[in-house]
Amino acid sequence: MEDLAKFFEKYDIKPHNRKIYERAFTHSSFNSDAKTSHYDYERLEFLGDSVLSFVIASNLYIDHKDMLEGDLTKAKASLVQSKTLAKLARKEGFTQFIKIGHSLNKENAFNNDSILEDIFEAVIGAIYLDQGFEFVKKFIEKIYHDDIKNLSLEDVKDYKSILQEAMQAEHRESVSYKVVDEKGPPHNKTFYVEVYFNDLLLGKGVGASKKRAEQMAAKDALNKKAI
């Protein structure tokens with residue numbers, strides 16, 4: 001575990017209570033080694049989850065006036081899901097500060113999305129308790145700035161589900177998606193997808209991932225009123 005001085009310096013934190021940050025980075029497996037109990041991030045994670053959810057919801061409401069309640073709910077869910085929080089924890093370098101017990105394999109622990117998600121939320125909780133709401137709000141907004149600003153309705157609309165429900169309401173059958181082409185290098189591919197009902201082509205889509213291309217194909221079908 002690296003010295004937390006690096007963490008404090010990076011985020012310009014002047015800690016009042018260093019122990020609370022140590023706890024935020026401590027996994028419960030460490031208790032057996034240190035012969036302690038409940039000296040881990042679990043309670044801080046509970047608090048951080050609520051603080052993070054509120055700040056993200058507030059920013060979405062203010063920055064995306066075109067989103068309805070349902071879209072805001074989906075957008076918030078995508079921004080606070082386990083995969084997103086784990087990605088941000090890695091991006092911010094939180095793994096270098098994690099303290100685990102010998103019962104856990106370090107490499108496995110650092111690649112575990114669930115653990116990284118929990119630590120990300122625990123750090124939010126620790127900063128909130130130690131530095132106050134305004135500081136942690138700015139901390140979250142800085143980390144999430146691009147993700148929130150660049151979010152669009154296209155990212156939260158589930159066109160596949162809308163198309164599926166509409167087709168099944170009429171025909172009681174499902175649509176199918178087919179990748180018809182892939183272009184570009186492995187790290188930067190573009191996918192071309194078509195959506196069919198039986199053998200009838202309903203729509204086409206292009207995206208940087210198969211999932212994105214399928215969503216665009218479903219949107220194309222809906223725009224053409226294929227149903």
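Is lysine 91 buried or exposed? Lysine 91 counts as exposed, at 59% relative accessibility, where exposed means over 50% relative accessible area, buried under 20% and partly exposed in between (1.4 Å probe, protein chains only). The structure is a predicted model, in which local features need pLDDT of at least 70 and side-chain atom pairs count only at pLDDT 80 or more, while totals for chains, interfaces and linings use all residues. Residues are numbered from 1 along each chain as its sequence is written, and side-chain values use heavy atoms, with hydrogens and water left out.

**Overall form**

- The chain has 12 helices and 3 strands, taken as DSSP runs numbered from the N terminus (helices H or I, at least four residues; strands E, at least two).
- The chain is more spread out than a compact globule, because its radius of gyration is 22 Å, well over the 17 Å that the globule rule gives for 227 residues.
- That radius is taken over C-alpha atoms, and the rule is 2.2 Å times the number of residues to the power 0.38.
- The C-alpha trace spans about 65 × 40 × 35 Å along its principal axes.
- Of the 227 residues in the chain, 40% are buried.

**Positive patch**

- A surface patch of positive charge is formed by Lys83, Lys87, Lys91 and Lys211.
- Helix α6 (residues 82-91) supplies the largest share of this patch, with 3 residues, and lysine 91 lies in helix α6.
- Patches are made of residues with over 30% relative accessible area and no salt bridge, with like charges joined within 9 Å and nonpolar side chains (Val, Leu, Ile, Met, Phe, Trp, Tyr) within 5 Å.
- Lys and Arg count as positive and Asp and Glu as negative, while His and the chain ends are not counted.
- The place of a charge is taken as NZ of Lys, CZ of Arg, CG of Asp or CD of Glu.
- Accessible areas come from the Shrake-Rupley method with a 1.4 Å probe, and for residues only the protein chains shown count as cover.

**Salt bridges**

- The whole structure holds 10 salt bridges, each defined as a side-chain nitrogen of Lys or Arg within 4 Å of a carboxyl oxygen of Asp or Glu.
- Lysine 137 pairs with glutamate 141, their closest N and O atoms being 2.8 Å apart; both residues lie in helix α9 (residues 133-149), 4 residues apart, about one turn of the helix.
- Lysine 137 is partly exposed at 25% relative accessibility, and glutamate 141 is partly exposed at 23%.
- Glutamate 214 forms a salt bridge with lysine 160, with the closest N and O atoms 2.7 Å apart.
- Glutamate 214 lies in helix α12 (residues 210-223) and lysine 160 in helix α11 (residues 159-171), so this pair ties together parts that are 54 residues apart in sequence.
- Glutamate 214 is buried, with a relative accessible area of 17%, whereas lysine 160 is partly exposed at 24% relative accessibility.
- Lysine 14 and aspartate 12 also form a salt bridge (3.4 Å, N to O); lysine 14 is exposed at 60% relative accessible area, and aspartate 12 is exposed at 53%.

**Loops and backbone**

- Aspartate 12 sits in the loop between α1 (5-10) and α2 (18-24) and has a positive phi of about 55 degrees although it is not a glycine.
- Asparagine 198, in the loop between β2 and β3, also has a positive phi, near 55 degrees, in a residue other than glycine.
- Aspartate 199 is in the loop between β2 (190-197) and β3 (200-207) and is exposed, with a relative accessible area of 75%.
- The C-alpha atoms of aspartate 199 and serine 176 are separated by 9.5 Å, the two residues being 23 residues apart along the chain.
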